[in-house]
Amino acid sequence: MQLYNVLKARQVIAQKANLEGLRFATARKFQKFIKLTDDDEKFFVDKRAELITKYAKVDENGEFIVENGNYTFTDENFAEFSKQFNELNQIEVEIPDTVKVDESELEKISFTIEEVSIIDFLIKE
């Protein structure tokens with residue numbers, strides 16, 4: 001599974017992990033998934049920071065130039081940042097079956113269609 005998808009699923013699972021009434025087995029699998037992906041998230045955050053440091057514009061004080069909450073880039077730097085950021089997102093991450101859940105374990109949890117699409121690779125049918 002691609003790193004980007006794993007981290008998106010991690011966000012959804014983290015939101016649902018503390019819901020009251022979650023079956024123990026489901027909560028335990030959620031906890032294992034979050035713990036399993038801790039290093040993946042740290043790796044992603046560190047690599048993204050490296051790319052921003054390397055390619056984002058800085059002012060005369062060496063501070064990043066941020067406009068509307070976004071880092072700014074020259075066109076050339078943005079192209080290279082985007083290329084490397086996409087490569088980072090597409091890194092393959094192995095997810096063991098031990099953290100996958102049966103559909104029946106999720107019956108009492110409310111999900112949006114988008115959330116189901118995001119965590120689909122974690123659901124055993």
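At what angle do helix 3 and helix 4 pack, and how far apart are their axes? Helix 3 (residues 38–55) and helix 4 (residues 75–89) pack at an angle of about 170°, and their axes lie 10 Å apart; axes are lines fitted to C-alpha atoms, for helices over the stretch in contact, and angles run from 0 to 180 degrees between N-to-C directions. Helix 3 and helix 4 are therefore roughly antiparallel to each other, a term for angles over 145 degrees. Phe-43, Phe-44, Lys-47, Arg-48, Leu-51, Ile-52, Lys-54 and Tyr-55 of helix 3 make the contact (heavy atoms within 4.5 Å) with Asn-77, Glu-80, Phe-81, Gln-84, Phe-85, Leu-88 and Asn-89 of helix 4. The residues of this contact of helix 3 with helix 4 divide into 8 nonpolar, 3 polar and 4 charged.

The model is predicted, so local features need pLDDT of at least 70 and side-chain atom pairs count only at pLDDT 80 or more, whereas totals for chains, interfaces and linings use all residues. Residues are numbered from 1 along each chain as its sequence is written, and side-chain values use heavy atoms, with hydrogens and water left out.

Lys-16 has its place in helix 1 (residues 3–16) and, at 11% relative accessibility, counts as buried (under 20% relative accessible area, with a 1.4 Å probe and protein chains only). Not counting residues up to four places away in sequence, Lys-16 touches Leu-22, Phe-30, Ile-109, Ser-110, Phe-111 and Glu-115.

Asn-68, in the loop between strand 1 (66–67) and strand 2 (70–71), is exposed, with a relative accessible area of 80%, where exposed means over 50%. Most residues other than glycine have a negative phi. Phi of Asn-68, however, is near 55°, a positive value.

How values were computed: Helices (H or I, at least four residues) and strands (E, at least two) are DSSP runs, numbered from the N terminus. Angles under 35 degrees count as roughly parallel, over 145 as roughly antiparallel, 65 to 115 as roughly perpendicular and the rest as oblique. Ala, Val, Leu, Ile, Met, Phe, Trp, Tyr, Cys and Pro count as nonpolar, Asp, Glu, Lys and Arg as charged, and the others, Gly among them, as polar.
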